[in-house]
Amino acid sequence: MHFLLFFMSTVAENLNDFIAGIGGGVSGLLVGQPFDVIKVRQQTSPIAKSLVRTASEIVKKEGYRSLFLGIGPPLLGVAGLNSVLFGSYGMAASLLTGESDGRSKLTPFQVFVAGTFAGINCCLVTTPTELVKCRTQAVLDVSSMERSAWYQFRDVVKTNGVRGLYKGWWITVARDAPSFGVYFLTYEMCKRPFMKPITTETISWYNFLVLNMAGGVAGVLAWAIVYPFDVIKTRLQSQCLKSPEYNGIVDCYRKMVAQHGYRSLFRGLAATLIRAFPLNAVTFSMYEVTLMLLNGRLGL
């Protein structure tokens, strides 16, 4: 009972982290969505294609709107995803330091632990939203009703039940747990030495630039170290529901390497890293600014 009360009070104390995470997440998603579509097409293609070739084929055959294909599920989910991500990180920071705003007091190891904790919690939202998104983006027929996120959602639930939405849970955890640990660690290590104290009700352009650069670098590094896991996850989540090609993570890995070589585990990496910098620069800077506003450290 005491733990439950402590847990609830910690959530309440870090409510601003949950709210700020929404603002940062939505901003970042709008910036990075076209690159995400390109990445999924590269990952699911039977042949290797460059970023430029994939992008030009999408625009030529399907139009510019297709670069935002599948944005519905992540746009709806990003509010929950980033709320859980930054809220969980803030909660973990409070628990580890014993202070309501303990983020700045975390040691590097504690930052990694808090980020890993946040990453695991995020999988509750990430797994179903990315499953629907990947399945929607992998459909090539422009006129097909299967290009609807709602169609894919219903198809998954109809075929495999609600549990089917969590197909790829373990590979998502394997990707996100270490990735978000590195994500927050890199961000804090890039931000702390360069941020100047905020002494007025406005944030300087210098500090705003620091937040953007730290977020961008953190996003690139976090994706780079776990990218093969994302490729396998995409393959598992976008395969045929009734007659799946892969029987689990190991089987998918072996078949991909046997059929296409180890390079297939890095398809779409360029698009992902190019997307990662601006997306996470915007995400972190908007999160920090929103949090400062909510905490009364900045004026409108």
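Among contacts in the protein between residues at least 6 apart in sequence, what percentage join residues at least 24 apart? The share is 77%, where contact means heavy atoms within 4.5 Å.

**Figure 1. Overview of the predicted model.** This is a predicted model, in which local features need pLDDT of at least 70, side-chain atom pairs count only at pLDDT 80 or more, and totals for chains, interfaces and linings use all residues. Residues are numbered from 1 along each chain as its sequence is written, and side-chain values use heavy atoms, with hydrogens and water left out. The protein contains ten helices and zero strands; helices (H or I, at least four residues) and strands (E, at least two) are DSSP runs, numbered from the N terminus. The pattern along the sequence is α-α-α-α-α-α-α-α-α-α. Of the 300 residues in the protein, 48% are buried. Buried means under 20% relative accessible area, exposed over 50%, and partly exposed in between (1.4 Å probe, protein chains only).

**Figure 2. The largest pocket and its lining.** The largest pocket holds about 390 Å³ of space. Its lining has 18 residues, of which Arg41, Thr44, Ser45, Ala138 and Leu140 are the closest to the centre of the pocket. On a 1 Å grid over the protein atoms alone, a pocket is an open set of points where a 1.4 Å probe fits, with protein on both sides within 12 Å along at least five of seven lines, whereas in a cavity the probe cannot get out; lining residues have an atom within 4 Å of a point. Grid points are joined across faces, edges and corners, and a volume is the space filled by probe spheres set on the points. Helices H2 (15-44), H3 (51-62) and H8 (205-238) each supply at least two residues of this lining. The largest share, five residues, comes from H3. By class, the lining comprises six nonpolar, five polar and seven charged residues (Ala, Val, Leu, Ile, Met, Phe, Trp, Tyr, Cys and Pro count as nonpolar, Asp, Glu, Lys and Arg as charged, and the others, Gly among them, as polar).

**Figure 3. Packing of helix H5 against helix H8.** Helix H5 (residues 108-137) packs with H8 at an angle of about 75 degrees, and their axes are 9 Å apart. The two helices are therefore roughly perpendicular to each other (65 to 115 degrees; under 35 counts as roughly parallel, over 145 as roughly antiparallel and the rest as oblique). Thr127, Glu130, Leu131, Cys134 and Arg135 of H5 make the contact with Lys233, Thr234, Gln237 and Ser238 of H8. Two nonpolar, four polar and three charged residues form this contact. Axes are lines fitted to C-alpha atoms, for helices over the stretch in contact, and angles run from 0 to 180 degrees between N-to-C directions.

Figure 4. Valine 173 is placed in helix H7 (residues 169-191) and counts as buried because its relative accessibility is 15%. Not counting residues up to four places away in sequence, valine 173 touches Cys123 and Pro178. Phenylalanine 229 is 56 residues from valine 173 in sequence and 9.6 Å away in space, C-alpha to C-alpha. Tryptophan 170 is also found in helix H7; at 63% relative accessibility, tryptophan 170 counts as exposed.

**Figure 5. Arginine 53 in helix H3.** Arginine 53 lies in helix H3 and, at 40% relative accessibility, counts as partly exposed. Arginine 53 touches Ile47 and Ala48, not counting residues up to four places away in sequence.
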